[in-house]
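I opened this notebook to record what I looked up in one structure, element by element. The entries follow the order in which I took up each topic.

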Amino acid sequence: MTVEELTNILDSLLTLPAETEVVEFKKASNGFGDQELGQYFSALSNEANLKGMSRAWLVFGVENHTHEVVGSQYKNTRPALDAMKKKIADQTTGRHTFVEIHELQYKNGKRVVMFEIPPAPQGIPIDYQGHYYGRDGESLQALSMDKIERIRNQAKLKDWSAEIIEDASLEDLDSAAIFKARELYTNAHKDKADEIASWDDTTFLNKAKITIRGKITKTAVVLLGKEESEHLISPAVAKIKWILRGQDNIERDYMIASCPFILAVDRIYDKIRNLKYRYINPEHKTLFPEEIDTYEPYVIREALNNAIAHQDYTLGGQINVVEYDDKLVFSNKGSFIPGNIERVLISDAPEERYRNQFLVTAMVGLKMVDTIGSGIRKMYNYQRLRLFPLPDYNLAGNRVEVTITGKILDMNYANILAGNSDLNLLDIELLNRVQLGKPLSDEEIARLRSKRLIEGRKPKVYIAKHIAQKVGQKIEYSEHKGLGNKSCEEFLMTALRDHKSLSRKEIDKLLWNLLSDLLTDRQKKDKITNLLAKLKRQGKIRNESQGPNSDWFNV
């Protein structure tokens, strides 16, 4: 948003006679607790859903009773604000987080921080750290059971994809798309091939659960509609955009495919450059390289069809497929209904509900998709068998984005997959994130630690010694772990005995590379400071000055 747009929004909020369930002002002159911020996010998101609002606002730098703009220094750097967006996402349903955190220099010169909060998705109340929050006027409180059920019932009461378009007819559907649908349906029900062949189009579409009693549904338009029929589902759109990006991230080519999606899938698939990839698979114990497609075809189709099936068409966005030299990124609008990938990987049962139940049922009947659980697990297993990084899901910002990598990024990680066939998918997914340096929750760290798969402290964890030894990461393990406090003390005391005295700069240089390489420079500095303070308290060393130029001696 522009400064002018934000100023106009703030001006309109300031004219409110009092705070509402979807607007909250806080002075937050210097800081604000993360816990309370998360609670307000949950509350305002849930209330925005219940009130049918497109967004809610939490504003720092405004006195809540007088609405005077007093300014706030809350996290006054962009990286700090972006980190807070991620922190909230890590602890909410489906990684729901702020649309944006805006910084505004108001007309009186004061800095205001405006948190733009999306409404909870239809049918999904938003929790923070496992608890649902709501508002009663200006008060923050637990979300009542009545409100929780009202939100959850939204999914039962309305299925966008099942809605009938009264003024549409078979003439609005593409004949080639209907032929393709018949072909897919027959292949999925080969025992009824003769019977299916005898059905007219109206009977077939009813039996395939694409239409309802001969009435054209939004599912029928999305899957089978002529390109010019897209207006029938407006303001929703039925578009898939393929983009090819080079190493410099510059767009090299693109194509936009509209409905019918049953044909658009093949058009998009044909644009993707699924070249041959050659590598030596460590599991096969051979010097001869293996040659395979960069991407398993099933994975491409499942990721794309999942985006079609689970897109929130009410948000008016398009589905995107971005192709890079070594990865594909699929994205669609809408929250991830199961909440998180971990739940999908450990569950043996399909999801109990879907955003577009009618559309999903039709696509399953045509064998365009598996159920959400089994399809994703198959994608993970295909990548695992290739020793490639697992699908990487990003569920922030009320959208689902999955990255499929088409090569081995880390041979050591590939060795983990090859040498530990007893690991389940969830353990591999979590180890995958450790290798990629991505954060894990306390529960996920506890799971890996209980299985002796990792060591270290949050947020700096690394694969455990016995795995590192198996996969040729002995040196990396030692560099991650660093020397223990006792060893550092002995090394320092030996150096002081040898040289009589050392400056603080020399001590830093002496110990720097002995500390874990997962520590930041600031953390290393602090660790050495604490070590010197401890030895001084014990009467083992002394200093004659302080600061970076101090000199230290044996006692």
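The entries below concern a predicted model.

**Entry 1: strand β2.** I began with β2, residues 56–60, and asked how many of its residues are buried. Five of its five residues are buried, and I noted the strand as mostly covered. I then looked up the directions of the side chains. Ala-56, Leu-58 and Phe-60 point one way from β2, whereas Trp-57 and Val-59 point the other way. In a regular strand, side chains alternate between the two faces of the sheet.

**Entry 2: the partners of β2.** I looked up β1, residues 23–26, and found that β1 and β2 pair in the parallel sense over four bridges. Within this pairing, I recorded Phe-60 of β2 as the bridge partner of Lys-26. From β1 the chain crosses to β2 through helix α2, residues 34–50, and this β-α-β crossover is right-handed. I next turned to β4, residues 111–117, which pairs with β2 in the antiparallel sense over five bridges. Here the bridge partner of Val-59 is Met-114 in β4.

**Entry 3: Ser-72.** I located Ser-72 in the loop between β2 and α3.

**Entry 4: a three-stranded sheet.** I asked in what order the strands of the open sheet run. The order is β18-β20-β19, with antiparallel pairing. The edge strands are β18 (501–503) and β19 (541–543), each of which pairs on one side only. I noted an average twist of 25° from one strand to the next. β18 and β20, residues 551–554, pair over three bridges, and Leu-502 stands opposite Trp-552 in β20. Helix α20, residues 504–512, packs on the sheet and touches β18 and β20, its direction making about 90° with that of β18. Helix α21, residues 521–537, lies across β19 and β20 and runs at about 110° to β19.

**Entry 5: Leu-431.** I placed Leu-431 in helix α15, residues 425–435. Leu-431 counts as buried because its relative accessibility is 1%.

Technical notes: Residues numbered from 1 in each chain as written. Predicted model: local features only at pLDDT ≥ 70, side-chain atom pairs only at ≥ 80, totals over all residues. Heavy atoms only, no water. Helix = DSSP H or I, 4+ residues; strand = E, 2+ residues; numbered from the N terminus. Buried < 20%, exposed > 50% of the residue type's maximum accessible area, 1.4 Å probe, protein only. Pairing = 2+ DSSP bridges. Right-handed = clockwise from strand over helix to strand, strands pointing away. Axes fitted to C-alpha atoms, helices over the stretch in contact; angles between N-to-C directions. Contact = heavy atoms within 4.5 Å.
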